[in-house]
Amino acid sequence: MKTSQPTRPWDDAGQMVVVTTADWDANTGTLQRFERDGAGWRALAEAAPITVGRSGSAWGVGLHAPQPGEPQKREGDGRAPAGVFRIGTAFGYADSTASAWPYQAMTASDYCIDVNASPLYNRIVDARQVGADAVAGSTEPMRRDLHAGGDQRYKLGFVIEHNPGNRSGTGSCIFAHLWKAPGEATAGCTAMAEPVMQQLLGWLDPKRKPVFVLLPKAEYGRVQKDWGLP
């Protein structure tokens, strides 16, 4: 008797953000948006340039099954997590943004905790609620314009839900955000020009359950059919 193919956690996605890089060590690549219709996935607009971690990418923890071998994402390795991930809350410096996607305005007291030993690891928290001691040591103030000399990288972005179980040491605070300068790599996030981010957030539709995919081209080709990728 023929058995049915197991259902993938992202089979209900109607939108997909796909980032590909040349190889595991590449820190630049492209981003393209796809929508699913009756004929399958179709690309929207041209692929846009992006940057990822300064050391490239590594297998992350997301919706995909754990992948064997190296590289595996670790805290502080300078690599962007690879795989399939849910898209979390959008964030930024403004009170609101032109998007149907859930958005949270960041304040001077908002931090993402990248301290391995913290019980709040991999969470965005408000120091006014959790206390100053709870955010001590975090290198991720969400208002970088106020804490990092006017830095605009977190002016607009969204959470990539890598390591949703918040397992210590596996990697934290992974976002899509604006790049500091064209082609400048990140500590592990995916960065892009502001118009690309604005277009992306204006397009994301909660009803279509979008997911974020990041893979080196060879790995993308290897898993494309099994994972139902465009």
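Colleague: Before we start, what are the ground rules here?

Modeller: The model is predicted, so local features need pLDDT of at least 70 and side-chain atom pairs count only at pLDDT 80 or more, while totals for chains, interfaces and linings use all residues. Residues are numbered from 1 along each chain as its sequence is written, and side-chain values use heavy atoms, with hydrogens and water left out.

Colleague: Happy with that. Why is the link of C112 and C173 called a disulfide?

Modeller: A disulfide is a pair of cysteine sulfur atoms within 2.5 Å. The S to S distance from C112 to C173 is 2.2 Å, so the pair meets the definition. By this rule the count comes to one disulfide.

Colleague: Which parts of the chain does the pair link?

Modeller: Distant ones: C112 sits in strand β7 (residues 110-112), and C173 in the loop between β9 (156-160) and β10 (175-178), 61 residues apart. Helices (H or I, at least four residues) and strands (E, at least two) are DSSP runs, numbered from the N terminus.

Colleague: What is the handedness of the link of C112 and C173?

Modeller: The link is left-handed, with -100° about the S-S bond. C173 also has a phi near 55°, a positive value in a residue other than glycine.

Colleague: Where else does a positive phi turn up in a residue other than glycine?

Modeller: At N166, where phi is near 55°. N166 lies in the loop between β9 and β10.

Colleague: What makes D145 buried?

Modeller: The relative accessible area of D145 is 18%, and the definition asks for under 20%, so the label holds. D145 belongs to helix α3 (residues 144-147). Leaving aside neighbours within four places in sequence, D145 is in contact (heavy atoms within 4.5 Å) with Y93, G150, D151 and Q152.

Colleague: Why does G157 count as buried?

Modeller: Because its relative accessibility is 0%. G157 is found in strand β9, and its contacts, leaving aside neighbours within four places in sequence, are A90, F91, A176, H177, M197 and L201. G157 and P195 are 38 residues apart in sequence and 12 Å apart in space, C-alpha to C-alpha.

Colleague: One last point: what makes the peptide bond from E70 to P71 cis?

Modeller: Its omega is near 0°. P71 lies in the loop between β4 (56-59) and β5 (79-92).

Key: Buried means under 20% relative accessible area, exposed over 50%, partly exposed in between (1.4 Å probe, protein chains only).
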